[in-house]
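Here are some notes for a colleague who is opening this structure for the first time. They are meant to be read with the model on screen, one point at a time.

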Amino acid sequence: MADSGVAHEAVGAGDLDEAAAIFTSVRPRLFGIAYRMLSSASEAEDLVQEVWLRWQTTDRSVVVNPAAFLATTTTRLAINALQSARARRETYIGPWLPEPVDTSADPYLGAERGEALEFAALLLMEKLTPNERAAYVLREAFDYPYAQIADILRSTEPAVRQLVSRARRHMAEERRTPVSAEAQRELLTTFIAAARSGDMAALERLLAADVTNIADGNGRVRVSRRPVVGAGRVAKFMTALLWFWEGVEVEWATTNGQTSAVLWHDGEVYGLITVIASTDGIDRVLWMVNPDKITAAVAPA
């Protein structure tokens with residue numbers, strides 16, 4: 001039977017140490033839910049901290065299922081946060097991209113499966129309503145029963161099934177057949193090698209015909225504020241950036257379940273590049289060069 005974790009009869013309050021132990025045990029899942037909802041590690045951290053503060057002041061004597069209660073609180077707060085985050089992004093300078101997160105230690109980021117974690121999925125989920133996104137995340141990544149999702153969303157099971165179905169359809173309509181993690185890594189490493197050497201022909205061979213190059217810098221100097229579209233244009237754009245690679249060192253990282261390249265310059269992290277690839281080749285080249293959005297994926301030297 002679905003429940004949000006709250007009962008009407010006391011079942012024992014427990015002390016703060018016990019509350020902390022319970023919270024710590026489910027924290028990876030709470031962060032995983034919040035991150036998939038908000039596409040921002042920093043915002044997810046803030047939200048999970050808010051959940052912890054609420055958990056401390058909750059009358060825990062009426063909570064039968066703490067994990068369900070905490071997941072419910074996290075999801076509902078994330079829905080509210082997502083609505084305000086979308087309003088803030090309207091004033092963002094240039095394209096907005098999801099904030100990468102390190103998944104080397106936790107490939108599924110607290111979930112049953114790695115669903116709704118890769119950049120391709122996060123970008124597509126931006127087009128879902130908050131409730132669609134929540135239902136999709138809870139079902140696809142965390143395998144919550146429909147009845148429990150309905151309780152979390154204060155809805156009905158048939159309505160939740162429709163939400164998940166609609167979300168799946170939207171995701172499937174726009175997403176191409178992805179390549180394996182190994183193939184994605186190979187395409188990324190080959191792409192960077194070609195970019196560093198200025199090999200335009202090699203670049204064009206790697207790119208899908210309608211590839212898009214997107215840079216998220218929020219107004220950072222010398223960062224393109226408009227996407228570049230088309231294999232020829234992207235290859236030409238990359239060869240024009242040959243100057244950029246002087247003195248740049250590349251390290252490999254695992255972010256959002258796939259390989260990314262961390263770019264270092266003069267002992268500091270400049271940014272992070274990854275690619276979204278399908279059987280057609282590289283569909284998206286993503287540059288995360290807003291300094292505020294790479295701290296969760298890259299530890300300073």
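This is a predicted model: local features need pLDDT of at least 70, side-chain atom pairs count only at pLDDT 80 or more; totals for chains, interfaces and linings use all residues.

1. Ala277 belongs to strand E5, which covers residues 268-278, and with a relative accessibility of 9% Ala277 counts as buried, the cut-off being under 20%. The C-alpha atoms of Ala277 and Thr239 are separated by 20 Å, and these two residues lie 38 residues apart along the chain.

2. On confidence, the protein chain has a mean pLDDT of 92, and 94% of its residues reach 70 or more. Over residues 7-13, however, the pLDDT is below 50, although this stretch has twelve contacts in the model beyond near neighbours in sequence. I would ask the reader to keep that stretch, residues 7-13, apart from the points that follow.

3. In what order do the strands of the sheet lie? Six strands make up an open sheet with mixed pairing, and the order across it is E2-E1-E6-E5-E4-E3. Strand E2 (228-229) and strand E3 (248-255) each have a single partner strand and stand at the edges, so one side of each is left without a neighbour in the sheet.

4. Strand E5, where Ala277 lies, is mostly covered, since nine of its eleven residues are buried. Towards E4 (residues 258-265), E5 pairs in the antiparallel sense over five bridges, and Val262 has Leu272 in E5 as its bridge partner. E4 and E5 form a hairpin with two residues between them, and in its turn Asp266 has a positive phi of about 55 degrees.

5. Towards E6, strand E5 again runs antiparallel, and here seven bridges join the two strands. Ser278 stands opposite Gly281 in E6, and E5 and E6 also form a hairpin with two residues between them. Strand E6 (residues 281-288) pairs in turn with strand E1 (residues 207-216), but in the parallel sense, over six bridges; in this pairing Ile214 stands opposite Leu286.

6. Which helix lies across E1, E2 and E6? It is helix H10 (residues 231-239), which runs at about 45 degrees to E1. The buried residues of H10 are Ala231, Val234, Ala235 and Met238, and they cover an arc of only 100 degrees around the axis, which puts them on the same side of H10. Their cover includes helix H8 (181-197) and helix H9 (200-206), together with E1, E2 and E6. The face turned away from this buried side carries Arg233 and Lys236, which are exposed.

7. Helix H7 (residues 157-174) can be checked for its length: at 1.5 Å a residue its 18 residues should span 26 Å, and the end C-alpha atoms are 26 Å apart, which agrees. Its buried residues are Val160, Leu163, Val164, Ala167 and Met171, and seen down the axis of H7 they fall within an arc of 90 degrees, so they line one face of the helix. An α-helix has 3.6 residues a turn, so residues three or four places apart point the same way. What covers the buried residues of H7 includes helix H4 (119-125), helix H5 (130-141) and helix H6 (146-152). On the other side of H7, the exposed residues are Pro158, Gln162, Ala172 and Glu173.

8. Asp143, placed in the loop between H5 and H6, has a phi near 60 degrees, a positive value in a residue other than glycine, and with a relative accessible area of 40% Asp143 is partly exposed. Asn218, in the loop between E1 and E2, is likewise not a glycine and has a positive phi of about 50 degrees; at 32% relative accessibility, Asn218 also counts as partly exposed.

Terms used. Residues are numbered from 1 along each chain as its sequence is written. Side-chain values use heavy atoms; hydrogens and water are left out. Two strands pair if DSSP finds at least two bridges between them. Helices (H or I, at least four residues) and strands (E, at least two) are DSSP runs, numbered from the N terminus. Contact means heavy atoms within 4.5 Å. Axes are lines fitted to C-alpha atoms, for helices over the stretch in contact, and angles run from 0 to 180 degrees between N-to-C directions. The expected span of a helix is 1.5 Å times one less than its number of residues. Buried means under 20% relative accessible area, exposed over 50%, partly exposed in between (1.4 Å probe, protein chains only). The arc is that of the directions from the helix axis to the C-beta atoms. pLDDT is the predictor's confidence in each residue, from 0 to 100.
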